[in-house]
Amino acid sequence: MTTPEEHILEVLKGLPVLMTRSHRLFLSIPREDLIKTMNILSSELAIQHLSTITARDKGNDLELLYHFMLQGVVITIKTTCPKNDPTIDSIVTIFPSAILYEREIHDILGIVPRGHPDLRRLVLPDEWVGGYPLRKDWKPPAEQEAEE
Amino acid sequence: MGYVKLPIGPQHPALKEPENFTITLDGERVVNVDIRIGYIHRGIEKLMETRTYTQNLYLVERICGICSYAHVYNFTQNVEEILGLQIPKRAEYIRTLFLELERLHSHFLWLGVAGHEIGFDTLFMYTWQDREVVQDLLEMISGNRVNYAMNAIGGVRRDVSQEHRKKVLESMDYLEKRAEFYKNVAINEKTILARAENVGILKPQVALRLTAVGPTARASGISVDIRKDDPYASYLDTPFEVITTDTNDVLGRVVVRVLEIVESIKIIRYLMEHLPEGDILKKAPRKIPEGESISHTEAPRGEDIHYLHSNGTEKPDRYKVRTPTLANLPATAEMLKETYLADVPIIVAAIDPCMGCMDRVLLLKDGQEKPGELISGEQLRRYGIKWYAERGWNA
């Protein structure tokens, strides 16, 4: 009997998949390949469970991590976008549950998912103008004003 | 007749926590639902980047007041994975005990809230009385009722004594009898059947597509449980069943949770009868090497997933939390469509929402508000009228 990991590795053969421990797979891709990879996950692996999207500030780049789950195995697709062009293709049409997670990363890190149907704020107030709080160079509004 | 847009919340007597539902109604029938969250956003993810790992142990626990242990468990598991630290077996068993005691008290609490939402307050009084039995056990072992402060990086901080074991086993006998009683109530009580049967339908294919998690998914016949799928703590040793029903409605969500109470009691008995001897804590360094780790657990409400990126210092570089309620929101909006307005509270309650956990991510005000920012009640009233007017609603 093949384990879920073996099955996934077999389908994703040829791609640089990294297994850090049992039930944890990572795959780094350039952002141009995002939709292509998502389609493979959706059609060939029949994955439906997108657990969440993490985004983090890496300095010059912003890194995105799409965490999927298939039979208990967490598959994380990693990609980056530069800070001076923080855009990424939206995956909502392939994984509808991404709708809230893409709104969240837009809110707190200023990453724009191209083609997202509804980019209202999610966690921040509607009238928020204080920037993107989870970027490393962000300061609370009171400190921003004190410096000016 | 035209549609009516009804804003419920952020502050509303029917809601236990602040969130906003904008419900489009055709008479009594719900046509569309828009859910706005973020009203209790506390900035915990940002705050965690400024605290040491030891301080974060206690901060991460405060994400939620009910499933606090699921969060702290995820956090310690992430840090231990990056350290490559294997914790003592006795500590794993004690952690599993807390995970299951937490599920017990959370499910009892939910059963009461569900009873309250359908006007069945007797059930609320009964279940919350039984929940106290679990709370007493938690307090006996950890010293705390809500945020137990049990975990340390490398193990647990308090041991389970022989007397504790005896008391836990006695309480399980009592709770098992009560669980049988609730099982009977859930399946036969007319009030529950009238309000829960065929209400808030979530079809399995919709639940899968919108990634519903936890009891919400399991009541739609989807056998997903992280305890079985990706075993953590000592779940690999522990025999238990994954409970599913195929009724896809609120009643199914009641039944799943009641039967899960029975399973949790079984797990706790097994743990107490097979508790290994040995140490409970291993020493861990203060600085965590560079690395990343993902941990997910089956919290009482479903999959709770945490991501940690460390950079070799005493503080995390990035910590991300996704709580089960956020994952269940798109499915909730689906469940509410085509139902009646009077069923909205119980359908929302049936996912066991926890807005406090969900909103956690950032700092809105940093505690140094300028005096001019305090506004009077009258200003707040005018602001509210303006806010709704801008969005096309009449005050």
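Angles over 145 degrees between the N-to-C directions of two helix axes count as roughly antiparallel. In the predicted model described here, the axes of helix 4 (residues 89-117) of chain B and helix 11 of chain B cross at roughly 155° and come within 9 Å. Helix 4 of chain B and helix 11 of chain B are therefore roughly antiparallel to each other. The crossing in which helix 4 of chain B passes helix 11 of chain B is left-handed. On the side of helix 4 of chain B, the residues that make this contact include B:Y93, B:L97, B:L104, B:H107 and B:W110. Helix 11 of chain B contributes, among others, B:V254, B:R257, B:E260, B:I261 and B:L271. By class, the residues of the contact between helix 4 of chain B and helix 11 of chain B comprise twelve nonpolar, three polar and four charged.

Helix 11 of chain B spans residues 250-273, a total of 24 residues. From its first C-alpha to its last, helix 11 of chain B reaches 35 Å, which is close to the 34 Å expected at 1.5 Å a residue. Of its 24 residues, 17 are buried, so helix 11 of chain B is largely enclosed by the rest of the structure. One residue of helix 11 of chain B, B:I261, illustrates this setting. B:I261 has 24 other C-beta atoms within 10 Å and is buried, because the cut-off for a buried residue is 20 or more. When residues up to four places away in sequence are not counted, B:I261 touches B:L104, B:H107 and B:A179. Both B:L104 and B:H107 belong to the part of helix 4 of chain B that contacts helix 11 of chain B. B:I261 also lies 9.6 Å from B:S106, C-alpha to C-alpha, although the two are 155 residues apart in sequence.

Helix 3 of chain B, residues 68-83, has 16 residues and reaches 23 Å from its first C-alpha to its last, close to the 22 Å expected at 1.5 Å a residue. Because 14 of these 16 residues are buried, helix 3 of chain B is largely enclosed by the rest of the structure. Just after helix 3 of chain B, B:G84 adopts a positive phi of about 70°. Within helix 3 of chain B lies B:H71, which is buried, with 25 other C-beta atoms within 10 Å. Apart from neighbours within four places in sequence, B:H71 is in contact with B:V60, B:E61, B:I63, B:C64, B:D304 and B:V321. B:H71 and B:I305 are 234 residues apart along the chain, yet their C-alpha atoms are separated by 8.6 Å.

Chain A has four helices and seven strands, arranged from the N terminus on as α-β-β-α-β-β-β-β-α-β-α. Along the principal axes, the C-alpha atoms of chain A fill a box of roughly 65 × 30 × 25 Å. Of the 148 residues in chain A, 35% are buried. Among contacts in chain A between residues at least 6 apart in sequence, 48% join residues at least 24 apart.

The contact between the two chains takes 28 residues from chain A and 31 residues from chain B. Elements that give two or more residues to the chain B side include helix 1 (44-48), helix 8 (204-209), strand 6 (291-299) and helix 12 (324-336) of chain B. Strand 7 of chain B gives the most to this side, with four residues. The side of chain B that touches chain A has 14 nonpolar, six polar and eleven charged residues.

Technical notes:
Residues numbered from 1 in each chain as written. Chains lettered and ligands numbered in written order. Predicted model: local features only at pLDDT ≥ 70, side-chain atom pairs only at ≥ 80, totals over all residues. Contact = placed C-beta atoms within 7 Å. Nonpolar A, V, L, I, M, F, W, Y, C, P; charged D, E, K, R; others polar. Expected span 1.5 Å × (residues − 1). Buried ≥ 20, exposed ≤ 12 C-beta atoms within 10 Å, placed from the backbone. Axes fitted to C-alpha atoms, helices over the stretch in contact; angles between N-to-C directions. Parallel < 35°, antiparallel > 145°, perpendicular 65-115°, else oblique. Left-handed = near helix turned anticlockwise from the far one by under 90°.
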